Amino acid sequence: MLSRLVLVSASSLKGSGPLGAGLVQASRSLQTSSQSLAPVPPLPEKGGKVRHGIFPEELFQLLYPKTGVTGPYMLGTGLLLYMLSKEIYVINHETFAALSVGSVIVYGVKKFGPDVAAFADKLNEEKVAKAQEVKDLAVTSLAQAIDDEKKEQWRVEGRSMLFDAKRNNVAVLLETNYRERLHMVTHEVKRRLDYQIALQHLHTRMEQEHMVNWVEKSVIGSLTAEQEKASIAKCISDLTVLSKSQAHATA
Amino acid sequence: MAGRRVALKAVDWLAFAERVPANQRPMFNALKTRSDAIGAKLTSLPETPTVIDWSYYKSAVAKAGMVDEFEKQFKALQIPEPVDTQTSAINAQEAEANKSAAEYVEASKARIAQYEKELDKFKNMIPFDQMTIEDLNDTFPETKLDKVKHPYWPHKPIAEL
């Protein structure tokens with residue numbers, strides 16, 4: 001009942017904001033003292049419905065079956081008149097003070113209430129948004145971290161490829177070396193055989209040239225003096241015959 | 001003279017490249033260029049050496065028996081295959097790498113478990129607008145105000161407000 005009244009007075013402030021938290025603390029402390037561990041249900045968005053700012057709607061609903069719509073009003077009027085007429089409530093200067101202060105308060109709350117409530121709500125929203133941001137950031141970074149770790153594990157699985165590549169390199173190097181050796185052997189053997197053949201060719205060529213030179217020399221040496229004279233006489237006689245025939249031809 | 005002996009295991013360089021992390025990429029590139037150079041050198045050498053035409057040499061060389069002797073020795077020659085000294089070292093490296101990889105994977109799994117635990121905590125916590133300060137202190141212990149160390153409000157150093 002006490003918490004209900006507190007709720008009612010706070011209902012003209014439309015937000016439930018910080019006041020609501022305090023209220024829930026009050027109700028929460030009741031719950032914790034009775035040692036129930038169920039999570040507390042969320043706060044209601046609005047306070048209980050009231051009429052004319054003070055009177056809870058439940059009263060009207062309670063009296064509706066018996067007395068209809070006007071019932072509670074009649075009850076209220078009757079109670080008020082009873083208290084005034086029997087002087088249970090005495091009208092004095094306090095009454096007017098209460099009325100003035102009350103009207104100012106009501107006017108103030110009605111005019112500035114929504115703004116103040118919005119401001120308080122905004123403060124709370126900012127706090128919640130900041131916390132939410134932190135939570136979202138944490139969730140995304142954790143998910144990212146998990147993905148990264150999985151990726152790194154996948155990378156690690158590829159390590160055998162490195163060693164395959166290395167072994168391949170070694171095998172290829174060995175093969176290359178072996179082939180080079182083969183080639184070198186054949187090349188060297190061929191070189192030696194070719195050298196022999198070249199040597200032979202050189203020998204035959206030199207012998208040929210030497211022989212030719214020798215033959216020439218011997219021929220020139222064997223040309224005796226009388227052979228030379230005979231050849232020169234022959235040349236002269238040939239020339240005279242030629243000149244005679246030439247002279248005959250021109251004459 | 002035998003040709004190709006050991007069959008090479010085909011290395012899928014594309015898949016290999018995918019698995020290389022960014023900080024080891026230069027090493028991978030160096031390995032690839034080296035491997036390519038070695039492979040190119042292999043393909044540039046013909047598999048069998050040029051055949052020597054013994055009949056031509058027999059007819060051409062005058063020295064008696066020289067070609068025959070060469071031919072006999074040549075045919076009898078066994079070229080030793082180069083000795084493989086590195087494969088055992090590589091295998092040892094591979095075993096070691098496997099061990100350290102297993103350790104790394106274990107540590108990684110532990111890290112993943114821890115991350116998943118924290119993720120679950122975040123997923124299962126009550127929404128902020130239904131929390132009280134006590135719930136907040138339970139979910140995030142770092143928000144708890146130390147009322148013993150700082151007994152007076154605001155229960156934390158002024159600098160942290």
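Predicted model: local features only at pLDDT ≥ 70, side-chain atom pairs only at ≥ 80, totals over all residues.
## The main nonpolar core

The largest nonpolar core brings together 14 residues, and those with the most contacts inside it are A:Leu193, B:Ile52, B:Trp54 and B:Tyr57.

Setting aside residues up to four places away in sequence, B:Tyr57 touches A:Lys190, A:Leu193, A:Asp194 and A:Ile197, along with B:Ile52 and B:Val67.

Now to B:Phe122, which sits in helix 5 of chain B. B:Phe122 has a relative accessible area of 8%, so it counts as buried, the cut-off being under 20%. Beyond residues up to four places away in sequence, B:Phe122 touches A:Lys135, A:Ala138, A:Val139, A:Leu142 and B:Phe140. B:Thr139 is 17 residues from B:Phe122 in sequence, and their C-alpha atoms are 8.8 Å apart in space.

## Where the chains meet

Let us step back to the whole contact between the chains. Chain B brings 72 residues to it and chain A brings 56 residues. Together they bury about 6500 Å², with 68% of that on carbon and sulfur atoms.

Polar interactions are present too: 18 residue pairs are in polar contact between chain B and chain A, with both residues at pLDDT 80 or more. On the side of chain B that touches chain A, two or more residues each come from helix 1 (13-19), helix 2 (25-44), helix 3 (54-60), helix 4 (66-76) and helix 5 (87-124) of chain B. Helix 5 of chain B gives the most to that side, with 19 residues. Sorted by class, the side of chain B that touches chain A holds 42 nonpolar, 13 polar and 17 charged residues.

## Salt bridges and an exposed proline

There are 4 salt bridges between chain B and chain A. One salt bridge pairs A:Glu149 with B:Arg111, whose closest N and O atoms are 2.8 Å apart.

For a contrasting spot, have a look at B:Pro80, in the loop between helix 4 and helix 5 of chain B. With a relative accessible area of 53%, B:Pro80 is exposed, because the cut-off for that is over 50%. B:Pro80 touches A:Tyr178 and A:Arg181, leaving out residues up to four places away in sequence.

Key
Residues numbered from 1 in each chain as written. Chains lettered and ligands numbered in written order. Heavy atoms only, no water. Contact = heavy atoms within 4.5 Å. Buried area = accessible area lost by both parts, 1.4 Å probe. Salt bridge = Lys/Arg side-chain N within 4 Å of Asp/Glu carboxyl O. Polar contact = N/O pair within 3.5 Å; in protein donor to acceptor, adjacent residues only side chain to side chain. Helix = DSSP H or I, 4+ residues; strand = E, 2+ residues; numbered from the N terminus. Nonpolar A, V, L, I, M, F, W, Y, C, P; charged D, E, K, R; others polar. Buried < 20%, exposed > 50% of the residue type's maximum accessible area, 1.4 Å probe, protein only. Core = buried A, V, L, I, M, F, W, Y, C linked by side-chain atoms within 4.5 Å.
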